[in-house]
Amino acid sequence: MSFSICRVNWELAEDLLRSVREKVFVCEWRIPPTIEFDQHDKKAVHLLVCDDISQEPVATGRILASGEISRIAVIKGHRNACVEKLI
């Protein structure tokens, strides 16, 4: 498997970022959406990992201006593919 990682803007990639984080944090971990998605999303630097073949988003993470790395999420079916090492 091969993957591409890119820096994305929240406003332009919100649907893709939300899809990964909703699957991992909201559905799997049962974190309420009101907690998972916060005021920091619009200001943070977001990274998006996509499968090169399907072009589907498989992982994401964000970096705040303070340097804090957070919201790292990898879709369950891709966790054994070492995707998290790309973020």
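Where does α1 bend, and by about how many degrees? In this predicted model, the bend falls at E22 and comes to about 40 degrees. Helix α1 covers residues 10-28. A straight helix of 19 residues would span 27 Å, at 1.5 Å a residue. The end C-alpha atoms of α1 are only 22 Å apart.

Now follow the helix along. Its buried residues are W10, A13, L17, V20, R21, V24, F25 and V26. What do they pack against? Their partners include strands: β1 (3-8), β2, β3 (57-63) and β4 (69-74). Helix α2 is also among them.

After α1 comes R30. This residue sits in the loop between α1 and α2. Its phi is positive, about 65 degrees, although R30 is not a glycine. Most residues other than glycine have a negative phi. R30 is exposed, with a relative accessible area of 65%.

Q55 also has a positive phi, near 65 degrees, and is a residue other than glycine. Look for Q55 in the loop between β2 and β3. Is Q55 buried or exposed? Its relative accessibility is 53%, so Q55 counts as exposed.

Another loop holds D41. It runs between α2 (33-36) and β2 (45-51). D41 is buried, with a relative accessible area of 1%. Which residues does D41 touch, leaving aside those up to four places away in sequence? They are W10, R21, E36, H46 and R62. W10 and R21 are two of the buried residues of α1.

Finally, turn to the cysteines. A disulfide is a covalent bond between the sulfur atoms of two cysteines. How many disulfides does a search of the whole structure find? The search finds 0. A disulfide needs the two sulfur atoms within 2.5 Å. Seen from C50, the closest cysteine sulfur is that of C6. The two cysteines can also be described by their accessibility. C6 counts as partly exposed, at 37% relative accessibility. C50 counts as buried, at 13%.

Technical notes. Residues numbered from 1 in each chain as written. Predicted model: local features only at pLDDT ≥ 70, side-chain atom pairs only at ≥ 80, totals over all residues. Heavy atoms only, no water. Helix = DSSP H or I, 4+ residues; strand = E, 2+ residues; numbered from the N terminus. Buried < 20%, exposed > 50% of the residue type's maximum accessible area, 1.4 Å probe, protein only. Contact = heavy atoms within 4.5 Å. Expected span 1.5 Å × (residues − 1). Bend = angle between axes of the 7 residues up to and from the residue.
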